[in-house]
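Please look through the structure shown below, keeping the sequence at hand, before reading the walk-through that follows.

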Amino acid sequence: MTPVSVDVPRELDPFVGSINHFMGRLNERVDLLQRFIADAAHQIRTPLTALSAQIDLLGADKLDKAGRQHYERVRERTGELARLTNQLLSHAMVIHRADSVQLEPISLVDVARRAYRAAIPVTVDPDIVISFEAPDDRPFVLGDAVSLREAIVNVIDNALRHGADQRLEVRVGANAEQAFVEVEDDGPGIPPEGWEKATQRFATSKSHEGSSGLGFAIAQEVASAHGGTLSFRARDERGFTVVLTLPLYKGDAR
């Protein structure tokens, strides 16, 4: 978006002026889009949160069987709408930051811990055992903390909603070349033939009914923007694992 500022022959001045005028208008449109996303994030999320709260207050105790079925359907659809809205706004934010934010050395442990706290709701099923493991020597990566947090939140949220039956584990680790975040649950997982489709936008499956299909797509785009990968580990006796891998930063983290 930077205007062209070079010495050119006089006959090329109109050409350079036209380019700069176009870049100025394009920059204005980008600014408008960014403001729209910021406004939408507030104006849409707030009434959706209030609507969900009002539906919960209604309850289904005094309804007949048909009424309870309609109530549950409304509650489920409202929850799906809130999740889809949040993911769409998260996706727009991630795309914008990938092109505009300067990457810096960050602790992957700190980012993953913040994502873990944000993704685990207060009302989580008490029968699910949830844990967070991280090494004492914090691995650093060159990245955008906000985008990485969004990616990890989406992976954890997906495991909670569609995977975890009794156990969910979030682990941070590193080897000589890479740092990684693993999210493992004891659910059925995704069969290998569905792995490629799982990272596509709005992809759904029978095992992920009700999903808006953006969680893994967001995580995949963030991983790619950081020179990393999002991969899956086939289900074994422990469970199914999603792995976000990033290049290890070997410079001075300070």
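The model is a predicted one, in which local features need pLDDT of at least 70 and side-chain atom pairs count only at pLDDT 80 or more, while totals for chains, interfaces and linings use all residues. Residues are numbered from 1 along each chain as its sequence is written, and side-chain values use heavy atoms, with hydrogens and water left out.

Helix H6 itself spans residues 215-225, and its buried residues (under 20% relative accessible area, where exposed is over 50% and partly exposed lies in between, with a 1.4 Å probe and protein chains only) are Gly 215, Phe 216, Ala 217, Ile 218, Ala 219, Val 222 and Ala 223. His 226 has its place in the loop between H6 and S6, and this histidine is buried as well, with a relative accessible area of 11%. Once neighbours within four places in sequence are left aside, His 226 is in contact (heavy atoms within 4.5 Å) with Leu 103, Leu 142, Gly 143, Asp 144, Ser 147, Leu 148, Leu 246 and Pro 247.

Strands S6 and S7 pair (at least two DSSP bridges between two strands) in the antiparallel sense over five bridges, and Phe 232 stands opposite Val 242 in S7. The hairpin of S6 and S7 has six residues between the strands, and in this hairpin Gly 239 takes a positive phi near 155°.

Strand S7 also pairs with S5 in the antiparallel sense, over eight bridges, with Asp 185 opposite Phe 240 in S7. Strand S5 is mostly covered, six of its eight residues being buried, and S5 pairs in turn with S4 (residues 167-174), again antiparallel, over seven bridges. Val 172 stands opposite Val 181 in S5, and three residues lie between S4 and S5 in the hairpin that they form.

What space do these elements leave between them? On a 1 Å grid over the protein atoms alone, a cavity is a set of points where a 1.4 Å probe fits but cannot get out, whereas a pocket is an open set with protein on both sides within 12 Å along at least five of seven lines, and lining residues have an atom within 4 Å of a point. Grid points are joined across faces, edges and corners, and a volume is the space filled by probe spheres set on the points.

The largest pocket has a volume of about 1200 Å³ and is lined by 31 residues, of which Arg 83, Asn 86, Pro 121, Asp 157 and Arg 161 lie nearest its centre. Helix H2 (65-100) gives the most to this lining, with eleven residues.

Notes
Helix = DSSP H or I, 4+ residues; strand = E, 2+ residues; numbered from the N terminus.
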